[in-house]
Amino acid sequence: MASISPPIARSSSPGATSSTAGTVELRNVRKAYGNFVAVDDLSLSIQPGKIYGLLGPNGAGKTSTLRMIIGIIVPDLGQISVFGEPLQRTHKDRFGYLPEERGLYKKMKVLEHLLFLAQLKGLSGPEALKRAQSWCERFELNAWTGKKVEELSKGMQQKVQFIGAILHDPELIVMDEPFSGLDPASTVVLKDVLLELAKRGKTILLSTHGMDQAEKLCHSICLVNHGRAVLEGDLNQIKAGYGSCNVQIKYDGDARFLQESRLVQSCNDYGNYVEVHLAPGADTQELLRLASAGARLSKFEVMEPSLEEIFIAAVSQPAVSQPNA
Amino acid sequence: MRNLWLIIKREYLERVRTRSFLILTLLLPGIMTVVMLLPAKLATMGDKVQHLVVVTSTPQFGEMVRQRFLSPSTDTDDDEDANSGANAAKQKPDQKYVIDVDANPTEAERAVLRDKINSQAIDGYLWLSEDAIASGKVTWVSRRMPYFSERSRLSETLNQVIQYERLTKHGLSGDEAERLLKAIKVESIRMERGREAKDSGGGKLLEVVVMVMLLYMAVLLYGISVMRSVLEEKNSRILEVLLSSATSTELMAGKLLGVGAVGLTQILVWVVMAGVFALPAMAMQPAFSELQIPPGVLVAFAVFFLLGYLLYSTMYAAIGAITTTEQEGQQLQFFIIIPLVLSVFMLAPVVRNPDAATMVWMSMIPFFAPVVMYARIVVQTPPLWQIALSLLLLIATIAGLLVLCARIYRIGILIYGKRPNLPEILKWLKYAKA
């Protein structure tokens with residue numbers, strides 16, 4: 001699906017830097033530890049109901065950024081606002097946080113632990129119990145609810161931690177490397193749950209250094225490197241901005257559509273297979289209509305640059321690039 | 001408030017539910033009883049009957065020494081009928097000694113006695129020849145060193161007998177001499193709120209020592225528990241999850257109060273156990289039945305004990321916050337033990353002179369206040385403003401330390417590995433603003 005749809009089509013709010021208040025807004029945020037600048041002049045905007053990925057290599061400042069957003073640490077400079085208001089302590093109950101380094105009380109029983117975490121977020125005891133049981137069922141933990149945390153495997157502890165972060169049904173879910181350490185099956189369950197939560201209108205912010213995962217899951221991203229935003233905004237727009245787009249076409253018949261200089265800048269034709277380098281501003285759909293008018297197509301694929309390629313390209317540029325600004 | 005309560009509850013239940021809590025709570029009183037009774041038992045166990053020989057040229061003199069040594073007049077402890085001349089006769093003679101009188105103070109006899117000591121026929125002899133008495137220096141030769149109490153008992157006996165001798169030689173009758181020799185006893189009476197209170201100084205000291213012991217135990221048992229749990233939260237990284245829900249001050253205060261409640265529960269159980277098992281036995285002992293603790297002192301005990309416990313636990317929490325391993329933490333414990341030990345050293349001077357300027361100031365310093373101010377209250381109620389000031393300073397210190405701790409604690413999530421030095425801690429405190 002994604003391969004044919006035009007880049008712009010999915011974006012709901014084109015101007016990420018426009019005045020529409022996101023669930024989370026960071027403006028020129030800076031955080032330094034002594035001489036080490038972890039986050040430098042970072043601005044980003046996270047729209048409600050979206051999955052937002054904070055990407056970058058290790059030590060890029062992702063964790064510091066997330067910690068500032070949920071108020072564990074305070075920025076040296078800049079503003080952070082959530083739900084349209086400056087960040088306050090009272091917002092804590094509306095966040096769910098999964099830190100990168102998981103931590104639970106080892107001696108506590110799983111169910112008790114979940115209840116404790118949920119009650120800290122203001123959930124009533126009976127309600128917390130009901131939800132905890134249903135989540136444990138979903139993550140296949142119900143046989144373990146009476147066991148102590150230390151008796152669980154690492155992966156199971158991760159699931160407990162994840163449930164703890166979402167049990168109170170938070171509006172904003174912040175997850176630091178949620179997929180690290182999970183087996184493939186659990187990864188799928190977690191991904192499904194995240195998508196489901198986003199569908200229910202929850203805003204999800206996750207950090208990862210796995211570009212693949214982010215590319216599949218996120219609506220918007222922020223690429224950070226050395227504490228600075230390299231790229232920020234709607235994923236498709238970013239790709240379009242980097243879209244020296246190529247299209248691969250397998251065809252049988254009339255190849256006249258390759259002559260359309262309005263759409264095709266150059267091409268490499270093998271007779272029934274062609275790699276088209278699109279002209280700037282060309283609409284892939286127009287090319288598709290034109291091609292299918294004269295030829296039988298067995299393949300039409302828009303070759304977007306991968307996030308990884310974009311990241312490498314962006315990092316090699318000196319200034320912050322905001323393609324949608 | 002909601003969070004604080006949840007955290008207190010969690011900390012409390014986690015500890016109270018453990019098996020080790022149950023075992024410690026039930027067994028410690030037994031162990032303590034054994035520890036307290038054993039030394040006294042051991043001290044008397046090895047004592048055999050001592051067989052001594054008094055060597056003197058006048059048998060009557062030796063006989064008097066023998067009688068008085070075996071039945072010392074007890075006018076130091078006894079209030080009534082000390083004037084009765086037959087006092088000594090009424091006392092049961094001491095069963096721990098057998099004393100013979102030897103009227104042959106010659107060198108040959110001395111050699112014989114030495115042999116007897118070697119062959120264990122006797123345990124020792126007292127050389128009371130005319131020369132020795134005239135020189136004012138007599139010798140006690142025995143196989144073991146005489147106890148301090150034995151030595152002072154002997155010298156008292158000899159002084160009395162010799163003075164009695166001298167007085168009767170100057171023509172006084174035995175009764176007259178006895179009356180002259182009667183020791184004067186000082187009875188101390190303390191004025192407390194306009195009433196006379198008979199002062200059993202021992203009882204006062206006991207009250208203070210009980211408090212200090214309890215404080216010590218509570219601080220050592222539960223202070224370390226606080227430190228350990230702060231370290232656990234930092235090392236298991238649960239701290240970060242908790243901080244997304246609660247403030248570090250809530251976490252810290254909840255932990256201190258929760259662990260504090262555990263300690264109090266334990267002490268309460270012990271007090272009840274003591275009430276059920278030990279009090280009936282104690283009531284038989286006159287020293288304890290005399291001990292009446294006024295309600296004001298009980299209140300002071302509760303207040304200063306609680307605050308002292310909180311203060312020292314907070315210090316333990318601070319150590320937990322700046323270290324990363326328990327070993328490191330234990331090295332720093334030193335800073336907590338020192339003020340505790342110093343307060344104990346101050347006990348004797350406080351009880352002796354509670355209103356001395358130094359003691360007044362010491363009772364204002366928060367680290368010593370729990371012990372010193374409490375001791376002052378026990379001995380003699382100090383001016384109200386002093387108590388109030390001391391309490392105020394103590395509470396302010398606890399609160400200040402708590403906030404400081406909470407800040408360091410929160411910054412703790414950012415560091416691993418090496419223990420920070422002072423400049424680094426100060427720098428963190430700056431980062432941790434707001």
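Local features were taken only at pLDDT of at least 70 and side-chain atom pairs only at pLDDT 80 or more, while totals for chains, interfaces and linings use all residues. Residues are numbered from 1 along each chain as its sequence is written, and chains are lettered from A in the order in which they are written.

Confidence is given as pLDDT, the predictor's value for each residue, from 0 to 100. Chain A has a mean pLDDT of 82. Of its residues, 90% reach 70 or more. Helices (DSSP runs of H or I, at least four residues) and strands (runs of E, at least two) are numbered from the N terminus. Within chain A, confidence is highest in α2(A), at 93, and lowest in helix α9 (residues 307-316), at a mean of 78. Two stretches of chain A stay under 50: residues 1-19 and residues 319-325. Contacts require C-beta atoms, placed from the backbone, to lie within 7 Å. Beyond four places in sequence, the model has 30 contacts for residues 1-19 of chain A and 18 for residues 319-325. Where pLDDT is low, the predicted coordinates should not be read in detail.

Chain A contains 9 helices and 14 strands. Of its 325 residues, 42% are buried, that is, with 20 or more other C-beta atoms within 10 Å of their own, C-beta atoms being placed from the backbone. Among contacts in chain A with a separation of 6 or more, 72% join residues 24 or more positions apart.

One open sheet has 4 strands in the order β12-β13-β11-β14 (chain A). Its pairing is antiparallel; strands pair if DSSP finds at least two bridges between them. Neighbouring strands are turned by 20° against each other on average, direction ignored. Strand β12(A) is joined to β13 (residues 273-278) of chain A by 5 bridges. Helix α8 (residues 284-294) of chain A lies across β11 (246-253) and β14 of chain A. It runs at about 160° to β14(A). Axes are lines fitted to C-alpha atoms, for helices over the stretch in contact, with angles from 0 to 180 degrees between N-to-C directions.

The contact between the chains takes 24 residues from chain A and 20 from chain B. On the side of chain A, β6 (95-98) and α2 (110-120) each supply at least two residues. Helix α2(A) gives the most, with 3 residues. By class, this side has 12 nonpolar, 5 polar and 7 charged residues. Ala, Val, Leu, Ile, Met, Phe, Trp, Tyr, Cys and Pro count as nonpolar, Asp, Glu, Lys and Arg as charged, and the others, Gly among them, as polar.

Conventions:
Buried ≥ 20, exposed ≤ 12 C-beta atoms within 10 Å, placed from the backbone.
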